Amino acid sequence: MAVGNTGWNALAAQQLRITQSGTTIKDLFDSDPQRVTQMTHRCASILVDLSKHLIDSDALDALLSIAHEQKLGDAIRAMFDGEPINNTENRPALHVALRGHVPPKMPEVADTVSATLQKIGSFVEQVHSGAWKGFTQQAITTIVNIGIGGSDLGPAMASAALRSFHHPNIRCLFVSNVDPAHIRSVLHGLEADKTLFVIASKTFTTLETLSNARLARTWYLSEGGTEQDIHRHFVAVSSNVPAAQAFGINSDNIFPMWDWVGGRYSLWSAIGLSIALATSMSVFEQLLDGAADADAHFLATPLQNNVPVLMGLLAVWYRNFWHCDSHVVLPYAQDLHLLPAFLQQLEMESLGKTVDRLGNSLPFQTGPVIWGSAGTNGQHSFHQLLHQGSSMIPADFIAVATLQGTEDQQQHQHLLANCLAQSRALMCGKTYEEAFEENIKKGLSSEQASRLAHHRQVPGNRPSSTLLLPTLNPHALGTLIALYEHKVYVQSVIWNINAFDQWGVEIGKQLSGPMFDALGGDTLATQSLDGSSQNLIKHIQNTARDLQNQ
């Protein structure tokens with residue numbers, strides 16, 4: 001179904017009305033004493049404040065109308081019912097089944113998921129108890145997850161976020177980049193007899209992952225390990241059992257993956273093995289429970305109070321009617337520092353499309369650029385652009401209300417004060433008159449105060465959401481991640497695109513083969529390339545030759 005012109009035109013009219021009236025976010029607060037109450041929502045333990053957005057009730061109603069026009073409610077139920085919503089690959093998207101929401105018509109999925117969780121739990125118990133031994137009969141103390149994309153970003157982000165829940169005798173490291181410097185730096189100083197590698201690759205053919213896995217295998221053998229003991233130090237998460245076995249991994253140590261779970265949604269599956277190893281099976285189950293609560297909210301809550309629905313609709317509002325090209329994610333919690341990178345893949349791989357579900361060219365823009373970093377670091381780098389730059393960049397502030405311990409409370413209060421102040425500053429800004437008065441109070445002359453006030457004024461009226469977690473625990477983290485997953489799905493339904501394929505990722509993989517051959521001196525492969533590529537390859541080869549001759 002194409003996006004209806006009626007709803008789209010109505011939203012454009014609402015944006016024009018707000019623009020021409022000069023209405024600001026501050027004006028919306030002044031005109032509606034109930035605004036905070038009406039635009040603050042809860043999803044499980046997370047409080048979501050959407051009141052600092054440049055939208056009033058009429059425009060929000062128009063957004064909700066287009067959601068109904070696009071049959072968003074039906075689309076949500078279709079996902080939970082296991083319909084093949086990934087239409088280009090004719091597959092369902094059943095990451096919600098990993099959290100307990102199994103379609104009634106697919107009971108076999110429940111059995112498969114349950115058996116996998118039991119297998120993960122049993123394995124984690126063996127490692128944590130010390131029953132799983134390395135080739136010198138020493139307990140495992142280091143886990144190295146080798147993957148890329150969703151097989152790295154998801155578990156790496158969650159493991160970092162749950163740092164305070166880590167097992168005291170286990171450290172978990174992550175390798176993704178095919179650049180050998182990455183894995184070499186991770187391997188440096190490790191003890192091979194106490195190291196366990198988790199090879200995370202659905203197909204067990206991914207270039208980056210397999211290259212790093214082979215290098216890890218070579219390192220293991222060079223450090224005293226034997227072929228006979230590889231099964232003690234390498235396990236796999238993959239759907240390609242024969243390839244993993246050929247690598248030397250025992251079939252009992254291969255954890256399954258399924259076509260109905262996309263890579264960027266896979267941390268809830270056996271890809272989460274590294275999360276459970278880094279923390280505990282109980283922590284991993286709490287993570288799943290938190291996501292399940294977000295699922296229940298998404299499925300059952302009316303659209304006007306549905307947090308991921310509202311987040312997704314606001315994203316459409318800014319992308320298509322305020323022409324915002326990017327969206328910044330600002331977690332004010334150092335342990336969430338990998339969240340912006342995780343959300344980059346989740347949103348940009350899902351929404352980076354130029355055709356609708358039927359292959360027709362889209363007449364509007366889709367996914368924005370997602371970026372950000374942990375607060376307060378960003379305040380001393382890119383926040384200048386957020387406050388005084390020429391573009392409106394919607395922001396998500398994510399904060400943790402309380403620390404679990406009693407120490408560092410005052411410093412945590414400084415962190416929260418900065419978070420709340422930044423969102424208020426984006427909304428309120430500073431007028432020329434306010435800047436002028438500040439300068440006068442500092443003792444500047446009227447001329448100096450006026451000249452400097454032009455530089456110190458801040459436009460304000462920049463929108464933001466604030467998401468408050470009670471504390472950074474596994475349940476709240478699970479809810480937070482699932483909220484963003486569902487937000488992405490909402491956007492895809494409104495734009496009528498497939499959020500679950502990623503054909504654009506494939507082209508680079510396909511072209512890397514001929515490049516590799518050309519770099520190795522294959523004349524025919526070189527001749528098939530464009531002039532720029534040929535010249536760059538020639539320079540690389542000449543540089544290598546010159547270094548060898550020195």
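# Backbone exceptions, pockets and salt bridges

H323 has a relative accessibility of 61% and therefore counts as exposed (exposed means over 50% relative accessible area, buried under 20%, and partly exposed in between, with a 1.4 Å probe and protein chains only). The model is predicted, so local features require pLDDT of at least 70 and side-chain atom pairs pLDDT 80 or more, while totals for chains, interfaces and linings use all residues. Residues are numbered from 1 along each chain as its sequence is written, and side-chain values use heavy atoms, with hydrogens and water left out.

## Backbone geometry

The phi angle of H323 is positive, near 55°, in a residue other than glycine. H323 is placed in the loop that runs between α14 (307-321) and β8 (326-332); helices (H or I, at least four residues) and strands (E, at least two) are DSSP runs numbered from the N terminus. D408, also not a glycine, has a positive phi near 65°. The loop between β10 (395-400) and α17 (409-428) contains D408.

A cis peptide bond, with omega of about 10°, connects G375 to T376. T376 belongs to the loop between β9 (369-372) and α16 (383-388). Most residues other than glycine have a negative phi, and most peptide bonds are trans.

## Pockets

The volume of the largest pocket is about 870 Å³. A pocket is an open set of points on a 1 Å grid over the protein atoms alone, where a 1.4 Å probe fits, with protein on both sides within 12 Å along at least five of seven lines; lining residues have an atom within 4 Å of a point. The lining of the largest pocket comprises 38 residues, and T206, G263, Q502, E506 and K509 are those nearest its centre. Two or more lining residues are contributed by each of α7 (150-161), α9 (207-222), α15 (339-351) and α21 (503-519). Of the elements, α21 supplies the largest share, five residues. Sorted by class, the lining of the largest pocket holds 13 nonpolar, 15 polar and ten charged residues.

The second largest pocket contains about 630 Å³ of space. Its lining consists of 22 residues, with R163, D335, L403, H412 and L415 nearest the centre. Helix α17 gives the most to the lining of the second largest pocket, namely four residues. The classes of this lining are six nonpolar, twelve polar and four charged residues, where Asp, Glu, Lys and Arg count as charged and Gly as polar.

## Salt bridges

The structure holds 16 salt bridges, each a side-chain nitrogen of Lys or Arg within 4 Å of a carboxyl oxygen of Asp or Glu.

| Pair | N to O distance |
|---|---|
| D74 and R77 | 2.5 Å |
| K487 and E347 | 3.0 Å |
| K430 and E438 | 3.0 Å |

D74 and R77 are both in helix α5 (residues 72-80), where three residues, about one turn of the helix, separate them. D74 is partly exposed because its relative accessible area is 42%; R77 is likewise partly exposed, at 42%.

K487 and E347 form a salt bridge. This pair links distant parts of the chain, with K487 in helix α20 (residues 474-495) and E347 in helix α15, 140 residues apart. K487 and E347 are both buried.

Finally, a network of salt bridges links R99, D295 and E485.

Definitions and conventions
Grid points are joined across faces, edges and corners, and a volume is the space filled by probe spheres set on the points.
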